[in-house]
Amino acid sequence: KLGFFGFFANLRTLKAKFKAIVENFPPKESLPVHAIIVGFSDQDVEHFNEKEFTVSMEKFFTPYRGQLNSSGISFISVFVPSSSSSAPHLFTFRYMLDFREDPMTRHIMPPLVSMLEMDRLKMGFQIQWMPTENRRIHVFEASPLKKKLFTRNWDGKRLFARVPVTQMVKASTMVEDICTDYFRFGGPEFALMEATHVLESIISANGINKYRYNHILLACFFDVDYSGNDNDYIASVDWDDTTQLRQWQRKVFEYVRGRMDHDYELFAKQLKRLHVTHIEIRFQIRIQHKSKDLAPFVFRAFLDEPGNGVINIHL
């Protein structure tokens, strides 16, 4: 795979250099595997119009489609700075859409699109992206494809919130928390708090009964390095013994279950008020040790019907 990353003084310069950028890639590539990521500075960020920009860029890319296809370009991402109080705009134009933009992936880093499992949203629903001030939270309005009357006051619409979770503590602190069953207010809790705040603003603006059976997905990707950890439990683990590794994984499961139970108590009232009936947390933990690099540790945790006062955690 090849990639190009460049940042330009303005959009005019970017467009002038684009032909030369594409020519850096092989002229004949059988698969769309390469990427172009570019950005530019814009002095008038306060009056930036997203719709006008995407339409103008789609028109700009149209004459290049043949060359982009033959060069194996998978996607083109364009960064545009925004005001100092918010994250930059990010637009991705994909090979699968003839280098048109998909609003569902707007402001989402390309690697996160698959990690946040955006394709799952389209299963049984018509999806509409909803812009929010907090661009870390990706919210979508979902309408059932099969039209039917659900209740007298509700037509089946619901909200899906996708949130990437950042690692906020050191690896050694994370290990200590698991070993001592200490539940701190960390990355997942901050992400859940942000998600409920965004849902609160949408629901309060549209009426409390417009959206029900709302869904939150937290995507956690953590790196844990045990090499310098002096915890007695960790020091006693033989990383080549599969039985001991399973025991450690079981301890992680128990900790996750306990932490979710703890978090439910913190957010129960908000979840019930916002009609959140499903919370899913996807974990991908990369474990490293000085003696061995282990395969990524991947699992999911679910909290069903939390908004109705029912807690049913399963891993």
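This is a short walk through the structure, one selection at a time.

**Before you start**

You are looking at a predicted model, in which local features need pLDDT of at least 70 and side-chain atom pairs count only at pLDDT 80 or more, while totals for chains, interfaces and linings use all residues. Residues are numbered from 1 along each chain as its sequence is written, and side-chain values use heavy atoms, with hydrogens and water left out.

**Stop 1: the whole chain**

Show everything as a cartoon. The chain has 8 helices and 13 strands; both are DSSP runs numbered from the N terminus, helices being H or I with at least four residues and strands E with at least two. Of the 315 residues, 46% count as buried. Here buried means under 20% relative accessible area, exposed means over 50%, and partly exposed is in between (1.4 Å probe, protein chains only).

**Stop 2: the open sheet**

Now select β1 to β5. These 5 strands form an open sheet with mixed pairing, in the order β1-β2-β3-β4-β5. Two strands pair if DSSP finds at least two bridges between them. β1 (3-8) and β5 (100-101) stand at the edges with a single partner strand each, so one side of each has no neighbour in the sheet.

Zoom in on β2 (residues 34-40) and β3 (residues 73-80): they run parallel and are joined by 6 bridges. Pick Ile36 and look across to β3, where its bridge partner is Ile76.

**Stop 3: a salt-bridge network**

Select Glu50, Glu101 and Arg106, which are linked in a network of salt bridges. A salt bridge is a side-chain nitrogen of Lys or Arg within 4 Å of a carboxyl oxygen of Asp or Glu. Between Arg106 and Glu101, the closest N and O atoms are 2.7 Å apart. Arg106 is buried, with a relative accessible area of 9%, and Glu101 counts as buried at 9% as well. A search of the whole structure finds 8 salt bridges.

For another one, show Arg184 and Asp177, whose side chains meet at 2.6 Å, N to O. Arg184 is partly exposed at 26%, whereas Asp177 counts as buried at 5%.

**Stop 4: strand β8 and its partner**

Move to β8 (residues 158-165), where 8 of its 8 residues are buried. Show the side chains: Arg158, Phe160, Arg162 and Pro164 point one way, and Leu159, Ala161, Val163 and Val165 point the other way. Strand β7 (residues 138-144) pairs with β8 in the antiparallel sense over 5 bridges, and Ala142 stands opposite Arg158.

**Stop 5: His215 and Glu280**

Pick His215 in strand β9 (residues 214-225). His215 counts as buried, at 10% relative accessibility. Which residues is it in contact with, leaving aside neighbours within four places in sequence? They are Leu159, Phe160, Ala161, Arg162, His278 and Glu280, contact meaning heavy atoms within 4.5 Å.

Follow Glu280 onward: Arg300 forms a salt bridge with it, the closest N and O atoms being 2.6 Å apart. Arg300 lies in strand β12 (residues 297-304) and Glu280 in strand β10 (residues 276-289), so the pair ties together parts that are 20 residues apart in sequence. Arg300 is partly exposed at 27%, while Glu280 counts as buried at 1%.

**Last stop: a patch on the surface**

Finally, select Met168, Phe185, Phe190 and Leu266. Together they form a nonpolar patch on the surface with about 360 Å² of accessible area. Patches are made of residues with over 30% relative accessible area and no salt bridge, joining like charges within 9 Å and nonpolar side chains (Val, Leu, Ile, Met, Phe, Trp, Tyr) within 5 Å. Leu266 lies in helix α8 (residues 242-273) and counts as partly exposed at 41% relative accessibility.

How values were computed. Accessible areas come from the Shrake-Rupley method with a 1.4 Å probe; for residues, only the protein chains shown count as cover.
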